[in-house]
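Welcome! Please open the structure in your viewer and keep the selection tool at hand, and we will walk through it stop by stop.

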Number of protein chains: 2
Amino acid sequence: MQVRDGSLQVLLWERAQEPDVHRWALPGGMLRLDEDIEHSIRRQLKEKVDVRQLAHVEQLAVFSAPDRVPGPRLVASAFLGLVPSDNDPEVPPDTRWHPVDDLPTTAFDHESIVRRAQHRLRSKLSYTNIGFALAPPAFTMSELREIYSAALGYSVSSTNLQRVLSRRGLLEPTGETTKPGRAGGRPAALFHFTVRGMQVTDEFAVLRPPAAKTR
Amino acid sequence: MQVRDGSLQVLLWERAQEPDVHRWALPGGMLRLDEDIEHSIRRQLKEKVDVRQLAHVEQLAVFSAPDRVPGPRLVASAFLGLVPSDNDPEVPPDTRWHPVDDLPTTAFDHESIVRRAQHRLRSKLSYTNIGFALAPPAFTMSELREIYSAALGYSVSSTNLQRVLSRRGLLEPTGETTKPGRAGGRPAALFHFTVRGMQVTDEFAVLRPPAAKTR
DNA sequence: ACAAAAGTGTTGACTTTACACCCATGA
DNA sequence: TCATGGGTGTAAAGTCAACACTTTTGT
């Protein structure tokens, strides 16, 4: 998934064969005997759709209903992969990015997989630093605000976004600023995330462990 | 998993054959063609170890490293299942409950699966009503306190536990009370959970949607 | 000077922990 | 009446959303 043109989008591939011809499917394929599933996902995205810049990949769920696809029983292990908004992989002609809120007719149970991914992403934006995987290496707070707004599906205040992320030590000014647009306005400071990999930043909303008595 | 004797325990089965003879393994088995994985798990627990009272079952993760078990490649889909502390299934002689903080030598990658399950449970105790699946149908706050403390691995105050769960509308007094022990003391009120299935009760720790303007 | 965009200060609402205190019972 | 365990009141700390206000730029 990626935030592009102000909305959260997912890369889908139009099936050319039965079953479910012309319906849109998630990229993926068969697992080789010598690789684990995450490795397989990365390989297929690279080989088939030229997506190499996955800033974050995580397991979503296994879909194992006996009738989820016609024909022989097939178990799917779904993953969520995030691409930073500044990259634009050259995808093949039969694939396209689709806004999550305006999906075409999907193949098999892929729509429910996309829904699950969207839900996971929304939740994690709140209690982890997962935003780093959607954002470019450096950004203004306005840009980050748009990314978060697109992914969450509602408007976020850049003021409060900055405060929340700063309090958690996730955000750091690079020192540089951007030029203002033609309309003028104060130049925006550039920020970047301090941590690369995903971390839980707000564990234990309640029922925290007892205070570690200082002294 | 279940809280028994004041600690969080997991049911393991001692392998009688190579590979990994005499090491302890999680219960499980092969997936049939006509069932989904959750159905399979419930079936195997029922048939093999007589565990029927699973108050909650959820997917944990897929383990797919090519060398996770010797021999032909085998992908495992791990689940977390919770048994309320008031039941004591009659398990076969080659299985035993083990405290998660004192595991025996486990087979294959099963220790990391247990760790993952423990982590998942701890997290969810904080932001969902998952405690209902560990507790008996009715309980005193002291009893619930012990269950939560065992599962979380640190001491929880029954005062605050009650308040947190009550505020969320998860807890309800049954009206009944218990007899005090021989040492005296005020009789404890009995409570039960208002909701049976798992629900997220504390979504959006931060970055909540804008207030739905009332009026 | 004015509009535009970015950033800061501040307030109020809400949670949650910690702890002092009160209540009901058996010996 | 005292010890014991259960339950309530309350204060202090922390977090967050909202919004007014200030800063910095281009025209």
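This is a predicted model: local features need pLDDT of at least 70, side-chain atom pairs count only at pLDDT 80 or more; totals for chains, interfaces and linings use all residues.

**Stop 1: a domain in chain A**

UniProt, in an unreviewed entry, places the feature "domain: Nudix hydrolase" here. Colour this stretch by secondary structure: 21% of it is helix and 27% is strand.

**Stop 2: where chain A meets chain B**

Next, show both protein chains together. How many residues does each chain bring to the contact? Chain A gives 37 residues and chain B gives 37 residues. The area buried between chain A and chain B is about 2700 Å², and carbon and sulfur atoms give 64% of that area. To see some of the residues behind this, select A:Arg73, A:Tyr154 and A:Leu207. These three supply 23% of the area that chain A buries against chain B, more than any other three residues.

What about charges and polar groups across this interface? The count of salt bridges between chain A and chain B is zero, while 16 residue pairs are in polar contact across the interface.

Now highlight strand E4 (56-63), helix H2 (110-127), H3 and H4 of chain A. Each of these elements gives two or more residues to the side of chain A that touches chain B. H2(A) gives the most, with four residues. If you colour that side of chain A by residue class, you will see 21 nonpolar, seven polar and nine charged residues.

**Stop 3: DNA strand C**

Move on to DNA strand C and show the residues around it. There are 28 of them, and those that come nearest are A:Ser142, A:Arg163, A:Ala189, A:Val206 and B:Arg168. Which parts of the strand approach the protein? Of the atoms of DNA strand C within 4 Å of the protein, 66% belong to sugar or phosphate and the rest to bases.

- A:Thr159: an N or O atom in its side chain is 3.4 Å from a base oxygen of DNA strand C.
- B:Asn160: an N or O atom in its side chain is 3.2 Å from a base nitrogen of DNA strand C.
- A:Arg208: a backbone N or O atom lies 3.2 Å from a phosphate oxygen of DNA strand C.

Zoom out again and colour the helices. Helix H3 (141-152) and helix H4 (158-167) of chain A, together with helix H4 (158-167) of chain B, each give two or more residues to the surface near DNA strand C. H4(B) gives the most, with five residues. By class, this surface has 12 nonpolar, eight polar and eight charged residues.

**Stop 4: DNA strand D**

Finally, select DNA strand D. It is surrounded by 29 residues, the closest being A:Arg168, B:Arg163, B:Arg186, B:Ala189 and B:Val206. Sugar and phosphate make up 65% of the atoms of DNA strand D that come within 4 Å of the protein.

Look for phosphate oxygens of DNA strand D at these residues:

- B:Ser142: a polar side-chain atom lies 2.9 Å from one.
- B:Leu207: a backbone N or O atom lies 3.1 Å from one.
- B:Arg208: a polar backbone atom is 3.2 Å from one.

The largest share, five residues, comes from H4(A).

Terms used: Residues are numbered from 1 along each chain as its sequence is written. Chains are lettered from A and ligands numbered from 1 in the order in which they are written. Side-chain values use heavy atoms; hydrogens and water are left out. UniProt positions are given in the numbering used here, feature names are shortened, and annotations may be inferred rather than shown by experiment. A residue is near a molecule or strand if one of its heavy atoms lies within 4 Å of it. A polar contact is a pair of N or O atoms within 3.5 Å; within protein, one must be able to donate a hydrogen and the other to accept it, and residues adjacent in sequence count only if both atoms are side-chain atoms. Ala, Val, Leu, Ile, Met, Phe, Trp, Tyr, Cys and Pro count as nonpolar, Asp, Glu, Lys and Arg as charged, and the others, Gly among them, as polar. Contact means heavy atoms within 4.5 Å. Buried area is the accessible area (1.4 Å probe) that two parts lose on being put together, summed over both. A salt bridge is a side-chain nitrogen of Lys or Arg within 4 Å of a carboxyl oxygen of Asp or Glu.
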